[in-house]
Amino acid sequence: MAKVLEGPGMGLMKKWGIRVPDNVVVSSVEELSKLGETNDWLKNSQLVVKAHEALGSRYKLGLVKVGLDLKGAQAAAQEMLGRQVGSITITQVIVSEMIPHQDEYYVAVKSTREGAEVLVASCGGIEVEANWARVKRLPVEVGDTPPGEALEALAKEAQFSGPMINKVAGFAGKLFACFDNEDAQYLEVNPVVVRESDGELVALDAVTLLDADAKFRHSDWTFPFAAEFGRAYTGDELDVMAVDSKIKGSVKFIEIPGGDTAMLPAGGGASVYYSDAVVARGGKLANYAEYSGDPADWAVEVLTDKVCSLPGIRSIIVGGAIANFTDVKKTFGGIIAGFRKAKEEGKLNGVKIWVRRGGPREKEGLDAMRALRDEGFDIHVYDRHTPLTDIVDKAIQAQ
Amino acid sequence: MGILANKDTRVVIQGGAAGLNAARRMAEFCYMIKAPLNVDAFVYPPDSGKSNEVPYGNGLLAVPVYKSVAEATAKHPGINTSLVYIGGDRACAAAMETLNDSKVQLVSMITEGVPERDAKLLGRHARKLGKTFNGPSSIGIVSAGVCRLGVIGGAFDNLVACKLYREGSFGVITKSGGLSNEIIWICSQFADGITTAIGIGGDAYPGTDYVSYLEKFEQDPQTKAVVIVGEMGGDLEERAAEWYGAEKRRVKLLAVVSGFCQESLPKGMKFGHAGAKEGMKGEGSARAKAEALKKAGAIVPETFGALGPAIKSVYDDFVKSGQVRPIPELSAADLPKLPRTVEEGMKVGEVIVAPLITTTISDDRGDEPCYDGYPASELINKGYEIPHVIGLLWDKRLISKQEAEIIKRIMMLSADHGPCVSGALATIIAACAGIGMSQAVAAGLIMIGPRFGGAVTDAGRYFKYAVENKMGVDEFLAYMKKNVGPVPGIGHRVKSVRNPDKRVQELVSYVKGLGIPTPHLDLALAVEKVTSAKKDNLILNVDGTMAAVLVDIGFPVECLNGFFIISRTIGLIGHWVDQRRQESRLVRLFDYLVNYAAPKRREVPPLK
């Protein structure tokens, strides 16, 4: 899943025929002034300025300003840019044309196992959250396109009437086309508004989630993907992502501030069971990590370095199921190199390391881990005969 | 019995190197159960027409590679299953191609990172055709004692440890590849092992679901219980619960679900497989799934660690009620074994190998080469140079600074001698004919012999013989005349007493100036005095000088030609590069440079 911010998200919708307000994304006031010289709409329209970051509740944070002229927009941009909200620094604002309107609606397309669901409601904004029952749904099987009549029926079911039925159906059809052709996983326009000047439907906001795995067939996805969990990625997380994009297999790393139990397990499935076990035993996760698909040893070493650098950790869980084809000796080689480096840098003082693993060349790998005891590591090594998550029990007890 | 992968499964693998690797794993399984290889063909357009070598036991099987699935199934009518292990951008087209082949009923995809839309399309297409599309991101399907499709089960030792050579009583369905192996292991330790284990893949929308496999397990009398390893996200576990709770089922259901940690994570933070994402209203959470399964009557241990004992208790009940009869375990000696490679055998001291060759000079097995035991980097860092490396590799000794200096001078003096000499001319002609460096330089080196540059060894040998036998010059010359012929190292084509060879003078004066004992050089110079008096050009030539000096500093005669070869190679390479740089055209001799002494043109007589 890859989140896309409002500016590029609206760009994709516009590509499929959806009306969006004129908008620009800028990272400085000077840039906005320059654009103002050449774009009449910036001079002549009332403007809205919003922080262009992966942030929720922008209204509450004062990061949306409406009814501005270009000067006012410049002042609003000046005020927002550089502001720190949690871990996110606002580096961009989106300036768009204000669309005078009365009615607000809701249209979305959501991925389902069978294909997708088109969601329509005749209320919008925050009202739709409170009236979820008013959202009507049309399931569409993958590979199909919803026929116009079905979308009109959906609009009628959602209490639209008169010429609006046709307009809403048309809007939903375009949003579906965008969803289907752009490998989207979720598209939401809330609100869709009726423009006072001509009565046409315009998308005032865009939530866009794309399938990052489909990037290979979308050469126009030149925008960056945004962090999905309401904070910016840390430097270490970005480092691991950069490694991940370069290698066969995968390495993953997410920091969780305040934890004392660091995770360095193998496997997308087993890693979650290890995390569950830590939480179930009352431990506090310091991170999520995972390596799988027989990654290169240097990639695992980078991951190990990041895990060892987490502040305030007391244990490291080097867990893993019995691998199918990940070479235990090779990947452990990367971990051992990372541990040695961390120890030299004084990062592992008082940290206990717990290992459990099986798979190709498990004996050689586990023996190499065990040998770290002779180098002064506080390391405890178990093989396949110890159940998967028992090392977590031992680690938490030892804490 | 088991399901999906069975004794009749015949496989086409769609993929290149990764596909071949999967085939190797499958061959190990086939060998373990003493069945022929179940991979009939590969489809991989870049390699079509070739064949892939798949190790089977102690031999190699050649499995053909085709351009299309249609071609593969036409040539191998037994194929009924495909394994797709090709890049995420091509996987959908590959799987569609094979689903559309009337002979293929089951397609399993190992490829990860397949777009969700593609996975959904494949699932829908397979359902429409009444076929099974398993995956993407599926580690594969294994039926114990019968068939392995994909890389599920891991390495050979693990297959044996998990008793996959014979059938047990437990079915397994997992999203995670690593955990499928873990559960297979647990089933073999806490119960009698598995019937079939299926990885359905950890993506958000796998092509199949638990229910379609549960129904198949329900129909398989050998499977007495099924273990599901679930994850938060989607509704496959809820559907499985619904199926299990709907009516009385023959199979027992055990399940674990992961993702409880989500409850205590910062809001919005998700991790694990792509499919592990909770819905907006909490649907798809680990807790909701575990509860649904429990409510439907499934056994849901609180933790993953409690799964083993839960499986054991179910198994014990089966044994008690007579549903399952315990299988006697094989003794260690009877367990299937993969033939060892020679290396593995040597490691455990099981085989003796008579070495094919012996080396006494060099060892490359560490992180860097060692010359006669000395690591190359240490030699560099301690100031040693190329002549020292020659000393180590040619004569197994660390020569002195002074000896190294002599060798360096010899090399510098003999590095080249212009384009006209045999060696350089041969290299130049080859270069002009467009021949590559190694062959053109070799053409030049081939010229080195008794008449050009190759007299060093022989010269050294006879000088040494004379010195060892304390021969005087006359005695030596008489010996040579009687037994050998002209003295190697004496005589030059163009140089003479009046037109001396500066190279010889340079080398002689340097070595004599060092004040070291030079009995061979002294002999050579004495010989020259006599021979050059007889004939002007019977001077000590550069071969003879090098030979005498090198024997004086202790080099064995066998290696002496090497000093000329290595020096002159520098020049030959230079000539080749020079001609290439000039983009020289093909050259040939002019006929006026040839004395045509062949018979005049004449009529060919009739053939008799």
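The side chains of A:Lys330 and A:Asp294 meet in a salt bridge, with 3.1 Å from N to O. A salt bridge here is a side-chain nitrogen of Lys or Arg within 4 Å of a carboxyl oxygen of Asp or Glu. A:Lys330 lies in helix H11 (residues 328-344) of chain A and A:Asp294 in the loop between strand E16 (287-292) and helix H10 (297-308) of chain A, so the pair ties together parts that are 36 residues apart in sequence. Helices (H or I, at least four residues) and strands (E, at least two) are DSSP runs, numbered from the N terminus. Over all chains, a search of the whole structure finds 63 salt bridges.

The model is predicted: local features need pLDDT of at least 70, side-chain atom pairs count only at pLDDT 80 or more, and totals for chains, interfaces and linings use all residues. Residues are numbered from 1 along each chain as its sequence is written, chains are lettered from A and ligands numbered from 1 in the order in which they are written, and side-chain values use heavy atoms, with hydrogens and water left out.

Chain A is assigned domain 1 (22-97), domain 2 (104-217) and domain 3 (235-398); such bounds come from an automatic or database domain assignment. Between the C-alpha centres of domain 1 and domain 3 of chain A there are 44 Å.

The next topic is the interface between the chains. Contact, meaning heavy atoms within 4.5 Å, involves 48 residues of chain A and 63 residues of chain B. The size of an interface is often given as the accessible area lost when the parts come together. For chain A and chain B the buried area is about 4400 Å², with 57% of it from carbon and sulfur atoms; buried area is the accessible area (1.4 Å probe) that two parts lose on being put together, summed over both. On the side of chain A, the residues that lose the most area to chain B are A:Arg113, A:Tyr273 and A:Asn324, together 20% of what that side buries.

Side chains of opposite charge can pair when their charged atoms come close. Between chain A and chain B the count is 6 salt bridges. B:Glu182 and A:Arg356 meet through their side chains in a salt bridge of 2.6 Å, N to O. On the side of chain A that touches chain B, strand E11 (184-195), strand E14 (250-255) and helix H9 (270-280) of chain A each supply at least two residues. The largest share, 6 residues, comes from H9(A).

Strand E11 of chain A also contains A:Pro191, and the peptide bond from A:Asn190 to A:Pro191 is cis, with omega near 10°. In chain B, the bond from B:Gly135 to B:Pro136 is cis as well, with omega near 0°. B:Pro136 is found in the loop between strand E7 (132-134) and strand E8 (140-143) of chain B. Another backbone feature is at B:Lys163, which has a positive phi of about 55° although it is not a glycine. This residue lies in the loop between helix H5 (156-161) and strand E10 (170-174) of chain B. Most residues other than glycine have a negative phi, and most peptide bonds are trans.

Chain B also holds an open sheet of 3 strands in the order E14-E15-E16, with antiparallel pairing. Its edge strands, each pairing on one side only, are E14 (362-363) and E16 (374-375) of chain B. Two strands pair if DSSP finds at least two bridges between them. Strand E15 (residues 370-371) of chain B pairs with E16(B) over 2 bridges, and B:Cys370 has B:Pro375 in E16(B) as its bridge partner.
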